[in-house]
Amino acid sequence: MVDEERNRFSARAARYARVGANVGGVAARIAGARLMGLDRDGNNAAALASALGGLKGPLMKVAQLMATIPDVLPPEYAAELQKLQSDATPMGWAFVRRRMMAELGRDWEQKFASFEHAPSAAASLGQVHKAVTLAGARVACKLQYPDMQAAVEADLSQLDVLFSIHRRMDGAIDTREIAREIGERVREELDYRREAKHAALYAHILKDEPKVRVPGTHADLSTGRLLTMDWLDGEKILGFTEHPLAERNALAQAMFAAWWQPFSRFGVIHGDPHLGNYTVFSVDGRPAGINLLDYGCIRIFPPAFVAGVVDLYRGLMAGDDARVVHAYETWGFKGLKRELIDVLNIWARFIYGPLMDDRVRTIADGVSPASYGRKEAFTVHTALKQLGPVTVPREFVFMDRAAIGLGGVFLHLKAELNFHRLFEEAIADFSEEGVAARQAEGLKVAGLA
């Protein structure tokens, strides 16, 4: 069967022209302003956000992603890009019918007992419709927008423009590895068969964790661009920020389990702790845990990288400089002079700070969720200007994003926990060999091996 949508040149060329005009225009404006000495980063940042805001698709997603990774973009650009809304204009019903026909055949409607015309959610790469199977199961049908593969390739070519702007303005961090990592993950998000395997992997990893629910998938109603999963009832987590402290803490613990248990035991992390990617489920009228809904952005790490995370934590706890340096070397940092180690430790102590503090506390006092990590990133960036450019290993992109995203959720919830004991419990029996064995088994079970 011929895949008529697979990275079509005509679609890619049209997308490239539209995106290139928007992004290229802003890039020229920024370059001109700098050449004339009329630098107004705030105005340029707003112009870039405006240019991207009119584009449905992967570049919007990439822009939002970049805004949540500390130090990838200057603060004023990150602030503007964070304002971009994830909701996109949904496809109309006539369009949806044609899309569903392309994925499941002309008789697709006969494969469901019901299928809601209006989407329950619309995002940058696709939209979700609620349906009921012939067997009576309530499901969520995630349908990809047309020509997304062509759009991704066109948009990723423009990602280099955005990063080159950053490198021209400030060469403290070499962003090329970051760009490659983002490109790989966004391409993976287009493959809904892979996402179904990611969901199966998480179902395996979290099968004994009652505070986190993972939806099952329906292979007979799924394709590479249509993913049908169980519908999980839940409410947005921001609706629980004024609930009693015990309930807020329980939700924070569920979030901790959903992100750090898979990482510390299987070397797998959910790279997108966006507020729309999970909901809260209740039992007997009280919040009891979270539904983890989206599995497009999953990062599988080499077990040695996970060992480096644990080594750095234990090295910082014990004041063991040799162990700290070994952790950085394990991750692939080059040219580790004393000055660079000291700068890296600023960020490390920020990330690990709550985990090293054996007491009940908030994740950060007096910090807004949107500002979490920004001050520390600025301090590190300022120091790196004297030492750079520093190449950040690509694995850090989604590791840092998860840490910052979760910190923001804990701040929203105003959670007060002993994060040290939660982390110690997660790594109590840690070994690199154990992670490798569990990861290999999990990937085999999920069909990812």
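**Exercise 1. Find how many helices and strands the protein chain has, and what share of its residues is buried.**

Start with the secondary structure: the protein chain has 16 helices and 12 strands, where helices (H or I, at least four residues) and strands (E, at least two) are DSSP runs, numbered from the N terminus. Next, turn to burial: of the 449 residues, 53% count as buried, that is, under 20% relative accessible area with a 1.4 Å probe, protein chains only.

Before going on, keep in mind that this is a predicted model, in which local features need pLDDT of at least 70 and side-chain atom pairs count only at pLDDT 80 or more, while totals for chains, interfaces and linings use all residues. Residues are numbered from 1 along each chain as its sequence is written, and side-chain values use heavy atoms, with hydrogens and water left out.

**Exercise 2. Describe how helix α12 packs with helix α15.**

Step one is the geometry. Helix α12 (residues 338–356) meets helix α15 (residues 419–426) at an angle of about 95°, and their axes are 6 Å apart. Axes here are lines fitted to C-alpha atoms, for helices over the stretch in contact, and angles run from 0 to 180 degrees between N-to-C directions. The two helices are therefore roughly perpendicular, a label for angles of 65 to 115 degrees.

Step two is the contact (heavy atoms within 4.5 Å). On the α12 side we find P354, L355 and M356, and on the α15 side F419, H420 and F423. Sorted by type, these residues give 5 nonpolar, 1 polar and no charged.

**Exercise 3. Work out the surroundings of H270: is this residue buried or exposed, and what does it touch?**

First, locate H270 in strand β8 (residues 268–270). Its relative accessibility is 0%, so H270 counts as buried. Then look at the side chain: one of its polar atoms lies 3.2 Å from the backbone nitrogen of D272. Finally, leaving aside neighbours within four places in sequence, the contacts of H270 include Y202, W259, D294 and A402.

How values were computed. Angles under 35 degrees count as roughly parallel, over 145 as roughly antiparallel, 65 to 115 as roughly perpendicular and the rest as oblique. Ala, Val, Leu, Ile, Met, Phe, Trp, Tyr, Cys and Pro count as nonpolar, Asp, Glu, Lys and Arg as charged, and the others, Gly among them, as polar. Buried means under 20% relative accessible area, exposed over 50%, partly exposed in between (1.4 Å probe, protein chains only). A polar contact is a pair of N or O atoms within 3.5 Å; within protein, one must be able to donate a hydrogen and the other to accept it, and residues adjacent in sequence count only if both atoms are side-chain atoms.
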